[in-house]
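This report looks at how charged side chains pair up. Please view the sequence and the structure before reading on.

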Amino acid sequence: MKRLILAVWVALTTPWLGAQSLVGEPEFIRVQREHIASQRAEVMAVYQQEARACWQNFAVNACLSAARKNRRAALEPLRQQDLLLNAQERQWRTEQRSLRLEGKQPENRNPP
């Protein structure tokens, strides 16, 4: 349980991605995705430990339900960060596509 609380605390105290203006760097996006994936793996490991411990209790279903609730609570901030990264990646791809299209435009746009 302490690990779950720690995982939630880490997820909530991670600098919010919207405050950073590093949209044009795909390396930044890749690093953030790896960080989110590692946090997600940690949350899932904690959930699996909790679920395994539930089978030792008398009220297994209630314990499993609580473990799932904790897992969802811990994964929600990671999901929000992932959605924000998706938006940043879409914006970066749009910018790159615009730059490619501008490069294909002829220099002399005025008709003769």
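The sections below cover salt bridges and contacts with rings.

## Basis and overview

The model is predicted. Across the whole structure, 6 salt bridges are found. Side chains of opposite charge can pair when their charged atoms come close.

## Pairs within helix 2

Helix 2 spans residues 26-54 and holds both Arg30 and Glu27. These two residues form a salt bridge, with 2.4 Å between the closest N and O atoms. They are 3 residues apart, about one turn of the helix.

Arg30 also forms a salt bridge with Glu34, where the closest N and O atoms are 2.4 Å apart. Glu34 and Arg30 lie 4 residues apart in helix 2, so about one helical turn separates them. Relative accessibility is 39% for Arg30, 45% for Glu27 and 46% for Glu34. Each value falls between the limits of 20% and 50%, so these residues count as partly exposed.

## A link between helices 2 and 3

Asp82 forms a salt bridge with Arg33, and their closest N and O atoms are 2.9 Å apart. Because Asp82 lies in helix 3 (residues 60-104) and Arg33 in helix 2, the pair ties together parts that are 49 residues apart in sequence. Asp82 is partly exposed at 23% relative accessibility, and Arg33 is partly exposed at 25%.

A network of salt bridges links Arg33, Asp82, Glu89 and Arg93.

## Contacts with rings

The charged end of Arg71 sits over the ring of Tyr47, at 4.3 Å from the ring centre. A search of the whole structure for aromatic pairs finds 0.

Definitions and conventions: Residues numbered from 1 in each chain as written. Predicted model: local features only at pLDDT ≥ 70, side-chain atom pairs only at ≥ 80, totals over all residues. Heavy atoms only, no water. Phe/Tyr/Trp six-rings, centres within 6.5 Å; stacked < 30°, edge-to-face > 60°. Lys NZ or Arg CZ within 6 Å of the ring centre and 35° of its normal. Salt bridge = Lys/Arg side-chain N within 4 Å of Asp/Glu carboxyl O. Helix = DSSP H or I, 4+ residues; strand = E, 2+ residues; numbered from the N terminus. Buried < 20%, exposed > 50% of the residue type's maximum accessible area, 1.4 Å probe, protein only.
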